[in-house]
Amino acid sequence: MKRKCFLLILIVSAFFTAGNSQSKNNIVPIPARSEWKEGAFMFTSCTRIIFDKSNKPLQNAIAPLINKLKRAASVNLLAQTKCPGKPAVSVSLSNAIADEEGYTLNISRQKIEIVARQPAGVFYAVQSLLQLLPESIESSTAVKNVQWKVPCVQIEDAPRLPYRGIMLDVSRNFMGTDSIKRILDLLAMQKMNRLHWHLTDNEGWRPESKKYPKLTSIGGYRKGDIIDNKFTYDYDSRPNEKLHGGYYTKEQMKEIVQYAAKRFITIVPEIEMPAHAQAAVAAYPELACVDSNGHPFPYPKQIQGEFCTRDETINFLSDVLSEVIDIFPSKYIHIGGDEADKANWKTCKYCQANMKKHGLKNVNELQSYFIKRIEKFVNSRGRSIIGWDEIVQGGLAPNAAIMSWTGVKPGIEAAKNNHYAAMTPLPYCYFDHAQSDAPGEPPSYYGLTMLSNVYNYEPVSKELNDQQAKYIMGAQGNLWTTYVPDATIAEYMIFPRSTALAEVNWSLPSKKNFADFTRRLLSYEKRLDSYRVNYSKHLFDIRISNLKEADGSFFVTLAGAENGFPIYYTLDGSIPNTNSPVYTNPVAIAKSCTVNAAIIIDGVLRDRAVKPFIMHKAVGKKGTLQTPPDYIKTDLNGWINGSLADDTRFNDYRNEDEERYNDDKWLGWENRAFDGTIDLGKPQSINKVTMRFFHDVPFGIMIPKSVTLQTSDDGINFSDQATQTIALPKATGAVPLTFSPTNTSSRFIRVIAQPYGKTPAGNYASLFIDEVIVE
C-alpha cells in the first residue's frame, strides 16, 4: 500500500518539470519526478559528508560516492581537516519516504540532501548523483582540469517494480568470480537488484558440495561441443581430451553473496530439477530412472537428463539445497522445473510405483508431486521456491512463484491466481538472441531481440486489475550462454539491453520514451567506456523495406533513426560513411544491388543494415500459394519479393512475438508441402529457377524430401520439367536448389516441395522456403 501511494504521488507530480530538464537529465533509469533549477553544487576539497557512521549498510550505500570522488576528483568527503563554511552532503533515513527503495535528492548551490527510508534508497540516490557528475567521475585515476559540479535539482524517485534482474547462466560456459563481480558492479549502476545465478544444467554443475564431491569433480567438467549437444561426461579418454568447466567453492559463493549485498543486489541461486540434470546424473547415476525391467540405462554412454522421482533423489536434492540455503540468504530458491520430457518416468518402475501410491493420473501430476515435495522442504528452511513456468503443469505448489519465460500468458495466469511472477518472456527478455541483424554480430541463439524490443516491453499486462497486478514482481533478462564463451561476450549481450530493462522495471510508463532513452544512453555509454565494457553499439532499428512498386518502377524506404540522426546509404555493397548519400526520399532500385544503410555518430558506425535485392523475372508478379504458411502469414509474396532472408540466422517464428530479420521472412509449413505458382503475365523464356530452403535438424526444420518444377501456358494444365532431391546437409543454414530447364518458354511456373517427414528425434519436420528466383 505504501508503494502504491508513493507512486501515485509521483505520477501526479511527474509533469512538473522545468523546461530545461532535457539538457540536464541524463539519468538512467529516468527518475519519477525531477524539477531542475538554476545553478550548481560544486564539490571541492572542503566538501564533507554527514551520515550515521554506526549504520554499516548506510556506509555501503554511500561508498560509491566517497570512493569515486576520492579516486577521480581527489575529493575526500571523510577528511578530518576543517574548512570554514564548507559545503556538505547530508544523508539520512526517514519513515516519511513511503517506498522501501525510494529516495529524495535535493541539490542546491550550498548543499546536497539525500533522504531515504532504507539504505538501499540511499544507494540509488547515490547512483543518480554520480550520473549528474561529469563522466570522468568513473575514471580509475585522478583527473585534472574538471569542474566537479552537479546541477541544482529536486528529485523524488522510487522503483515501479521490486524485482529488477538479470539471469546469468554459468553452467553452459563457466565464468570466474572476478567476472561475476564486474557484472554486479555494472548492474548496480543501473539500479538492478537481482542476479539470478543459473548454477546447474546438463552442461555443468558449478556449486561445490561437501557431501557430494563428484558433482564438481565429474559434473563440473565436460568434453565436447555443447552447441550441437555433442558433449559427454564419459572420461574413458579424459587424459587426452580438453575439458570445459570449473566450479565455485563455498567460500567463493559466500564472497559473491557479500559483494552483491554491498551493492544491494540479491543473488537468487538456481539448482535445476527434475530436468536439465545430466551433469548431476553423470556424477551419481543412481539418481536416474531404470527401464521397464528395472535395469539401469546404459552408462555412461547414455546419461539421462532427468532425475528419477524416487525418495533417494528427493533426499539427495534436499541435502544439496540445504548447502545452497546455508550460503544464499535469498527469499527465493530457484528450482528450475522447465522442459522436463518425463519419457523415462512413463516406464521407470520407481516412478510408476510413485504414481500408483499417490493416485497420480499422469506424469504431469508426478512432476507436480515432485515439485511440491521440494517446496515443502524449502519452506521448512524458511524459504520459498520459484521456478520456470512449467512448474504449473499438474498443479502449482501452494507458495511457489514462477518465472514466465514461454510467453506472457503463464505470468498473467499466475497473477490472476494470486501467485507471484517475475516476467522474463521470449523474445523481449532473452539476451542470448541477436540484438541486431547487422553484419559481424557474434554467434547467437535464434531470434532477434533489439534494444527497442526490450525497452518497449510492458511487464504488467492490461488484463490484470490493480489487485492482480501487485503479483507481478518485475522483469528479468536471461542470458543463456550456449553461444557465449566468455565474460567479454556476455557483456556484449547484456549491455545496453539490461540498461533498457532497468528503465522498464524502475520508471513509470508515462515517463518512458525510446528516443529520449537513446539520448540519455549515449551519455551513459561514456561511463561504460571508463570501465572498458564491451557493450553493443546497436541503439537503433534500421529498417530497409521490401521492394515497393509504383508506376512500374521499384523503390525501397529506410527508417529507424531516432533523435534526428541521418541515415547514410550505398547501393554498391560498400559500407556507408559520412560522405555517402543521406536518406531523404525513397531510393529507386532499377537493377540487382545490395543496399547498405548506417547511422554514424561522432565518426563511429553505430548501426548498419544490409539487404540484397535480386531483380528477377518474378519480382512484382502475382504469386499464388495452394495452402497458406503456418509461420509468417503477413507477407504471402515473401517468396518472390526480390530479397533474401538471412542465410544462417533464423527466428523461432513459432513464437507469435518473435521479431523479423530485415523485414523478410522464411515462409514455413508444418509437415505440409510448399506449393506455389507464379504468373509471369505473358510467356517468357525460363533458363534457370533457383530457390532456398532452411535446414536445422535440432530445431525441427529440414530440407524437402523432393522438389518438382512445373510449367504451364494456361495456369491449369501443368507439365513436369524436373524433380530433384537434396543431399542431407551437414551444416545449418540456407540450402540452395537450382533447376535449369532447356528450351522452355512459359507464362506460369509452379514449384512443389514435399516435406521431409520425421526428424531423427521422431517429430515431423517443418519446411521453410525463401526466394524463388526466376531467370
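I note that the model is predicted.

I then followed the pairing of S28 with strand S29 (residues 604-613), which is antiparallel and runs over nine bridges. The two strands form a hairpin with two residues between them. In the turn I found aspartate 602 with a positive phi of about 55°.

I next looked up strand S26 (residues 568-570), which pairs with S28 in the antiparallel sense over three bridges. Here tyrosine 568 stands opposite alanine 598 of S28.

I checked burial as well: eight of the nine residues of S28 (residues 593-601) are buried, so the strand is largely enclosed by the rest of the structure.

**Salt bridges**

I recorded 32 salt bridges in the structure.

I looked up glutamate 100 and arginine 117, whose closest N and O atoms are 3.1 Å apart in a salt bridge. Glutamate 100 lies in the loop between strands S3 and S4, and arginine 117 in the loop between strand S5 and helix H4, so the pair ties together parts 17 residues apart in sequence. Glutamate 100 is partly exposed at 39% relative accessible area, whereas arginine 117 is buried at 13%.

I then turned to aspartate 675 and arginine 750, which meet in a salt bridge at 2.7 Å, N to O. Aspartate 675 lies in strand S32 and arginine 750 in strand S37, so this pair ties together parts 75 residues apart in sequence. Aspartate 675 counts as buried at 12% relative accessibility, and arginine 750 counts as buried at 19%.

Terms used. Residues numbered from 1 in each chain as written. Predicted model: local features only at pLDDT ≥ 70, side-chain atom pairs only at ≥ 80, totals over all residues. Heavy atoms only, no water. Buried < 20%, exposed > 50% of the residue type's maximum accessible area, 1.4 Å probe, protein only. Helix = DSSP H or I, 4+ residues; strand = E, 2+ residues; numbered from the N terminus. Pairing = 2+ DSSP bridges. Salt bridge = Lys/Arg side-chain N within 4 Å of Asp/Glu carboxyl O.
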